[in-house]
Structures are given as C-alpha cells and as structure tokens.
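Let us learn to read a protein model step by step. Have the sequence and the 3D view open.

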Amino acid sequence: LLDLDTQALSLHTTWNSFLLSLTDWATLRIERGVNKDLDSASEFEMSDIFYFARRGVESIMDDEVTKRFSAEELESWNLLTRSNNNFTYISLRLTVLWGLGLLIRYGFLLPLRVTLAFTGVGLLVFLTSVIGLLPNGRMKNFLSEKVHLMCYRICVRALTAIITYHDSENKPKNGGICVANHTSPIDVIILASDGCYAMVGQIHGGLMGVIQRSMVKACPHVWFERSEVKDRHLVAKRLSDHVQDKSKLPILIFPEGTCINNTSVMMFKKGSFEIGATVYPVAIKYDPRFGDAFWNSSKFGMVSYLLRMMSSWAIVCSVWYLPPMSREEGEDAVQFANRVKAAIARQGGLVDLLWDGGLKREKVKDTFKEEQQKLYSKMLVGTQEDRSRS
Amino acid sequence: MGSRASTLLREEEIEEIKKETGFSHSQITRLYSRFTSLDKGENGTLSREDFQRIPELAINPLGDRIINAFFPEGEDQVNFRGFMRTLAHFRPIEDNEKNKNPTASEPLNSRSNKLLFAFRLYDLDRDDKISRDELLQVLRMMVGVNISDEQLGSIADRTIQEADTNGDSCISFQEFIKASLVEANINNTSFNHLTKKIKILMGAFFINATEANLLNKLA
C-alpha cells in the first residue's frame, strides 16, 4: 500500500496535487477493502466512476488553467467599460462619472501619451543608429546605456506607468540571465527603464524590426531569425556565448513563453536554465484596478492593445528583484526552473501552476491521462497481487 | 455594447433556472459567466470542443463520457439551460429541502437522479441496462493500456456476477443502486474514516472539501 504512495509521488513531478488526490482516494478504497471481512475484497466497484465524474464536473465549473488566459475579473468596477462584463445602466451618477472619465482618458491622456510614445520610439531609433557609428569602446557603451535608459523612461511616461522597484541591490549583473513572469510586452519597457539588458527574441518585420535592428547597433542584443528559433542547440549556444562574455549585458528572458494574465505563473521552459549562468529572478505584479495590462493576443492585436493601455487610467506595478539563484548539485534544469518559478510566485503573490502556458493554443498531451490510467490500474491489479501473496 | 446586452441573462430566465435547478441567483450568474468564457464561438452554445479545451477535463479518463452527458440525444450543441440542468445533478442535497412539498416533482439533485447520472455514464445506448460490453468499455477507459483483455474481462464478469440479481447478465438501474450503496453499510469504523474525505452514501458523489470550496466560490 505504501509503495503505491511513493511510486505515485515520484512519477511526473508536475502531477503532484492531481495524483495525490487520486492516491488518497485509492488508498482509502484499498483500506476499505482490507477492513472488509469478505473473502473477495472487490477491487473494482461500479461506484469508482463517481470519483472521476466528480473531478470532471468540478473542472467544468471552474478550472485552474483556462481562466489564466483572459483578463482577471475585478471585484469593483474601475470606470473602464472593458473591465465590466455585465455593463448595464445602473444609475445616472455612475454614467456621468464614467462619461467624464471617458472624456479625460480619450481627450486628454491619450493624445498626450501617444505623442510621448512616438517621441520615445523615434529618439530610440535615431540615437541608437547614431551611436552605432561610433567605434566600440567605453564611450559607446556609456552613451548606449544613457540613450536606452532615457528612451525607455520616455516610453514609461507615455504609458503613465507608476513603477515601484524593490530590492534594487539584487539587480542583474553582466553575465547573468534575468527571468521574469510575462504579462505583456510592456514588461520589457518596465524592466529596461531601470537597468540595461540584452534582449532576446525573434526578428519581426515592420516597425518592430526597425527598432530591433537599430537597437542592436548600439549594444549587442540576441535576435534570432524565424528559422533559427526552432533549433534549440543553436539558441542555447548563442545564449551561452553571450553570457560567457562578461562585457555584455545580462540577458532578459521570459521563460513562460507566452503572456499570462498576472494571476499566476505557469510552467517555465527549461531552455534558459540549462545554460549554467546565474539566474536573477524578477517578479512583476500589476495592480489591475488602474488598467489591465494583460495582452490577450488572441483577442487584440498589438496596436489595439497599446491603444487600450494608453487610454487606461495608469499602469501601476511593482517590481521585485529577487536574490540570484544558481543550479545546485543534483538538480536538473526542470527542478531548477520550478524552484525559480516558486520564488517568483511567492514574491509576487501569484498562483504557482505547473501547467504549460502553451495550453493557451495547444491541446494538452495525452501522457497526463495515461498516467492517471496507470495509477488506477495499479490500484486494481495491485490488490490482486497482494491477495495471491497471502 | 448592443451585442453584449443581448447575451446577458434576463431576470425571468434566472428565475426559471432557479426553480428548475435549485441554484441560487449568484451561483447562476457566476456559472453563466463561466459558460460564456467557455463559449469561444460566442454563439450562446457550447460544443464538445469547447469542453475539450479544459485541460483538467481533457486528461480525465472519463472525460468524453462526462462531456457526452451534457448533450441531449444526437445533438452537438448545448445551451445554457441544458448546461445548468446537467450541473444541477451535482448540487448537494440540503437538509431543508427534505421538508419541502412532497408532491412536487423530484428535484434534479435528488439521490436517485444523481445515481441515474452515474448509471448513464455506463449505459451509452440508453436501454436502461448496463451490458458486459458497456461495462468493459468504461473499464477500458479508466485503465488505459495497463491491464490485459482477459484480466479486464474477468473483472467485468465478477462485477456483473455480484451485482446481477435477476440473472440476465446485465445490470439494471435497481441493481446498480444496490451495488453502489452496499459498501456503505459494511464496516462502520472504516465508514467514519471515509466520510471525512469522501462522504459515502453514493460513492464519491456527495460533497467533499473540494466541492465545498467550489460551491462557496459560487455563492
């Protein structure tokens, strides 16, 4: 009986809670069988389906995963139409307030912010290209740092982002990797306005591409072509090359791989944790009352997302720099990733989930179902083996 | 704004659902927002794919059967009323309901309706009997590839043998009820131990800690 428990716990570590509840139930069933004084302690009973039926209907009523991919529900309304799913006419006073808010946000704040945004981005592109003309050396690095910081800070103003940085003594240093939870593309601006990072990402076309190409002139970032992204070895090699060069800036990576709605942290992809560099975890938590920062990429494109951001009240967030972590003896990349994830979740007050953020678009793997089936079978067959032994 | 208003739940509908299912007003609105968040096509109904998108349900060995229970015979879409009607089976039985009007029609979450729901998970062809094949199908879903056909067959045979009282090698609804309730009366000490985790009277159907939390969230 005890073997069943320990075996279950050492299976796929991502299934702890699910398998634990299944083993609890299984153990109780077996105990019940043992306590019976009947000769044929029935292993399978027709009522076994009740357990699975209940779990299934519970997940239909509410599950931990699907709600992470849409904006968090607020308890009280913050006068933004978008936050209120049941928008109906309630009272004249509320409507007047809302109308006033609308006027201020769209008539005054939005144009102001858009102007700032264009200024910030324009300056970034222009100045980094200019700096790119300089020869490599201390002067270039110094100027590049100043330019990047200045432009990012203008962008921060463009979003009216009110950021509180905690524990700045733990800020990432050269040769390290900075990992953070991902809620929206704004995360990059928020972190980069407080320190200089080397960005990692895929080269895009259009405006993004222009920005990326000019940024890399001033200081080395790690941009990949679309074709290179699939090649994991190439990616790992380029990242570790960058990290080993101590003169280069720390890399900024979002291991979740996709935007999550800032109520939880989902599975970290292990790629960045295999390189062997020091990891500097950062936790970012937005205050949803002023504006929802989550980018629901299936619902909104980038431009409409940015417009929504700039017409919210403000973006208020807290950034915590956590003490650096390294992989310990006997720990593999997955365990290390989970340890970092737990630290970030704890600091940011987020739910630590083991589910993969990729479930936003893809189906869950069948292996998880097969594990449950295996466990249930063990329960049925295991008792038969016990009986034949006795 | 206009399109959103038309998908809102009207008060009369909420009242009707309340009468039919027994859920409270706030539970119904909460489940309605859950329904709309699952409804990716935004057409007021859920398809089987919408359910499959829930990872915890997709990995449940009986996931397909449970999803099936929501859809009426031969249909591929379920609206909110149907959704609530099926969920109503899982509402816990409250004590004050027992004193209600005895001539009123049986509530959806009555003991026998709960058992009927479970019975129908087995009885796919709705002939009110669980045949050996139907039992084997469900067994196979729960154990996957880990048990051989012969072993599974003998488990099925033994189960039918124990439960079948009228000798037709099938399990009727009455025989099913008896088989599910039998283990509850066997041993009182293990019984008390079990009720802490899984309130047995109908296997694991009644509320446990997780369900209690869930329904508290809905309230």
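Predicted model: local features only at pLDDT ≥ 70, side-chain atom pairs only at ≥ 80, totals over all residues.

Q: What share of the residues in chain B is buried?
A: Of its 219 residues, 46% are buried. Here, buried means under 20% relative accessible area.

Q: How much accessible surface does chain B have, and what share belongs to carbon and sulfur atoms?
A: The surface comes to about 11,200 Å². Carbon and sulfur atoms account for 50% of that.

Q: Where does UniProt place the feature "domain: EF-hand" in chain B?
A: An unreviewed UniProt entry puts it at residues 26–61 and 110–145 of chain B. Now look at the model there. Residues 26–61 of chain B are 61% helix and 0% strand, with end C-alpha atoms 31 Å apart. Residues 110–145 of chain B are 67% helix and 6% strand, and their end C-alpha atoms lie 36 Å apart.

Q: Which residue forms a salt bridge with B:Glu16?
A: B:Arg81 does, at 2.9 Å from N to O. B:Glu16 sits in helix α2 (residues 11–21) of chain B and B:Arg81 in helix α7 (residues 80–88) of chain B, so the pair ties together parts 65 residues apart in sequence. B:Glu16 is partly exposed, at 40% relative accessibility. B:Arg81 is also partly exposed, at 22%.

Q: What about B:Asp50 and B:Arg53?
A: Their side chains meet in a salt bridge, 3.0 Å from N to O. B:Asp50 is buried, with a relative accessible area of 6%. B:Arg53 is partly exposed, at 36% relative accessibility.

Q: Which residues of chain B are joined into one network by salt bridges that share partners?
A: B:Glu16, B:Glu20, B:Arg81 and B:Arg85.

Q: Which residues make a nonpolar surface patch in chain A?
A: A:Leu100, A:Leu103, A:Ile104, A:Phe108 and A:Leu112 make a patch of about 520 Å². One of them, A:Ile104, lies in helix α4 (residues 92–132) of chain A. A:Ile104 is partly exposed, at 40% relative accessibility.

Technical notes: Residues numbered from 1 in each chain as written. Chains lettered and ligands numbered in written order. Heavy atoms only, no water. Patch = residues over 30% accessible without salt bridge, like charges linked within 9 Å, V, L, I, M, F, W, Y side chains within 5 Å. Areas by Shrake-Rupley, 256 points an atom, 1.4 Å probe, with all protein chains shown as cover. Salt bridge = Lys/Arg side-chain N within 4 Å of Asp/Glu carboxyl O. Helix = DSSP H or I, 4+ residues; strand = E, 2+ residues; numbered from the N terminus. Buried < 20%, exposed > 50% of the residue type's maximum accessible area, 1.4 Å probe, protein only. UniProt positions renumbered as here; feature names shortened; annotations may be inferred.
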